[in-house]
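Subject: Structure for you to look at

Hello,

Here is the structure I said I would pass on. Please open it first, then read the notes below it.

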Amino acid sequence: MSQSGTAETAGTPAAPPQPKGFAALGLDMRLVGMIAALFVIWIAFAAFTDGRFLTPRNIFNLTIQTVSVAIMATGMVFVIVTRHIDLSVGSLLAVCSAAMAMLQTQFLPDLLGLGSPFIWIITIICGLIVGTAIGAFQGWMVGYLTIPAFIVTLGGLLVWRNVAWYMTSGQTIGPLDPTFSIFGGINGTLGETVSWIIGIVLTIGAIALLAQSRRAKASHGFPVKPMGAEIGLGVIFAGSILAFIWVLNAYTIPERRLERMFEARGEVLPEGLVMGYGLPGSVLLLIVIAIVMTVVARRTRLGRYIFATGGNPDAAELSGIDTRMLTVKVFAIMGALCAISAVVASARLTNHSNDIGTLDELRVIAAAVIGGTALAGGIGTIYGAILGALIMQSLQSGMAMVGVDAPFQNIVVGSVLVLAVWVDIIYRRRAGL
Amino acid sequence: MNTGTPLVEMNNMSIAFGGVQAVDDVSVNLYPGEVVGLLGHNGAGKSTLIKILSGAYKADSGEIKVNGTPVTINSPRDARANNIETIYQTLALADNLDAASNLFLGREITNAFGMVNDDAMEAETRKIMARLNPNFKKFGSPVSALSGGQRQSVAIARAVYFNAKILIMDEPTAALGVHETQMVAELIEELKKQGIGIFLISHDIQDVFKLCDRVSVMKNGQLVGTERVEDVTEDDVLGMIILGKQPQRAA
């Protein structure tokens, strides 16, 4: 090859030297950088708050505050990867939340009777339908009517926010159905035992995946990482998952609350009993969504076409991919995720308020972009977007805890977004991506 | 002479873009094991004609026959279903994906659960690359990290892998060095032997004389004429391209 490097013109199969030490893990350096940034932020805030920032209680709160934005950020990855943008997610969340609030507090109790056990599930299904339909409609305008996504969703930002306002007459709607409220976080934790079981299942799953991937590669005769590196990775995964569960279990339910829980069941709180909250249901929901979205991105044709279209829309079309229908699907997924976020966000507050989800579009886009999604399209990861959401939320909560004035909080978050993208541009240039 | 049924017939094809008649009543055909060169200036309509065959454009009028049977080609999928594969001048690669993902784009190998099987696709890619370009080693990198020649071999591999009967090559050697151009020439010879018909679009007359059996020359959207290369000189063909005039027949 006249244009390629000397190693190839020599004609000998010059296998690259086996990387040693940390490099042997074969980790995405971007991911390592983000995790390092997250730890720096956490340690800095812990230092400023005498360690209060890293208590189990605060980490628990941090995770349940991140869920709503993180769920939407996974969908925003697909939207941005296909070179579009969705500015309407905050308003879409509001309209889904409003529809679900009205359903479960006014229409369904009239229909099924107050306290019917079907209210929560019918509500959520209807919410999902509303979100998916609105998303698909916006995607149709982008894909088939070829109106730029920026304009369609900028219009949507205004339209859906005010549809929500009209539906509820601007009132706060609540209290929501008790079963529905389980998805909010603190009202729906799984307890210590179940949390440990889930942690162990996730750990076994992660290790099985590592082993399976290695076997598949070896069976085709592809190069594999050294065994030590695979074991190292397995230890890191297992350690992170179990440590996370341990922290959430270490946040114990206050004694007064525990007493009330036992009273409600007609029992008396045994002396000296301590119970941890464990994994919140909303966080489990996020984990499931993250796994599903990652599988869609990496292992399905839909995901492959999303990334191909983002990398080169003309090439995708010439390969027989229906890019217009793909756009509809991507926005429909975004809409469905907005509906799920609406469940989590309104359940966490146990009511629907008129300003729910305000400015979420900016948080969601920032999370995806900080997480390494390139606005030029074609590049982005689900785990990156979730980490991005966690970094943003950590900054916001940390500054609130330190006592930074509200205007300065927003100034810092805005500046960090711009800075993160600049660092990313430099990284990509150096890495030659 | 060629006898029997042509592999492809494009009869009286026309297409217009906003009042410009890009292709005007053009008929060309292609026999098995034959290379037909399409020549003409930029804007003569040769790429447009060929994009009708590959499904990228839809003709306003005209008829396409494959093996004597009329077919409808409305999309790249239809073209592929008729074993028509295209190597575009732009290569049409998704730069962010690796070689295997590009090779199988739109036709992924999936497992029993409908999941994309990357390992199987990489194994197949390694096999065909070992034949086309044994120096190719960068299977894990996105194609943006490849050299021009390597990218070209991915595009060629994609067209060859799926048992094409009819191959369209749009300026296949435009971006290549001497060595790689030779490689493409050898590949074309090999494909001819397998009975594959090739439409070759090129600017380079010498290339065309070396590789093609017949040439069709277009000018301003119309077909000037089709000649067997042994019947004409390079000057004759230049005259067709530049002046649109028929070659003088020796008596």
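**The sheet in chain B**

V66(B) has T69(B) as its bridge partner in β5(B). This is a predicted model. β5(B) is joined to strand β4 (residues 61-66) of chain B by three bridges, and the two run antiparallel.

Both strands belong to an open sheet of four strands in chain B, ordered β2-β1-β4-β5 with antiparallel pairing. The edges are β2 (20-30) and β5 (69-71) of chain B; each has a single partner strand, so one side of each has no neighbour in the sheet. On average, neighbouring strands are turned by 30 degrees against each other, direction ignored. Helix α1 (residues 46-53) of chain B packs on this sheet and touches β1 (8-17), β2 and β4 of chain B. The direction of α1 makes about 115 degrees with that of β1(B).

**The nonpolar core**

The largest nonpolar core has 179 residues, and A73(A), M76(A) and A367(A) touch the most other members. Helix α13 (residues 323-349) of chain A gives the largest share of this core, 17 residues. Domain 1 (1-83 + 163-251) and domain 2 (95-162) of chain B both give residues to the core, so it lies between them.

Leaving aside residues up to four places away in sequence, M76(A) touches D86(A), M334(A), V364(A), I365(A), A368(A) and A385(A).

**Where the chains touch**

How many residues does the contact take from each chain? Chain B gives 31 residues and chain A gives 29 residues. On the chain B side, α2 (76-81), α4 (118-132), α5 (148-161) and α6 (178-193) give two or more residues each. That side divides into 12 nonpolar, 11 polar and eight charged residues.

Regards

Terms used. Residues numbered from 1 in each chain as written. Chains lettered and ligands numbered in written order. Predicted model: local features only at pLDDT ≥ 70, side-chain atom pairs only at ≥ 80, totals over all residues. Core = buried A, V, L, I, M, F, W, Y, C linked by C-beta atoms within 7 Å. Buried ≥ 20, exposed ≤ 12 C-beta atoms within 10 Å, placed from the backbone. Domains from an automatic or database assignment. Contact = placed C-beta atoms within 7 Å. Nonpolar A, V, L, I, M, F, W, Y, C, P; charged D, E, K, R; others polar. Pairing = 2+ DSSP bridges. Axes fitted to C-alpha atoms, helices over the stretch in contact; angles between N-to-C directions.
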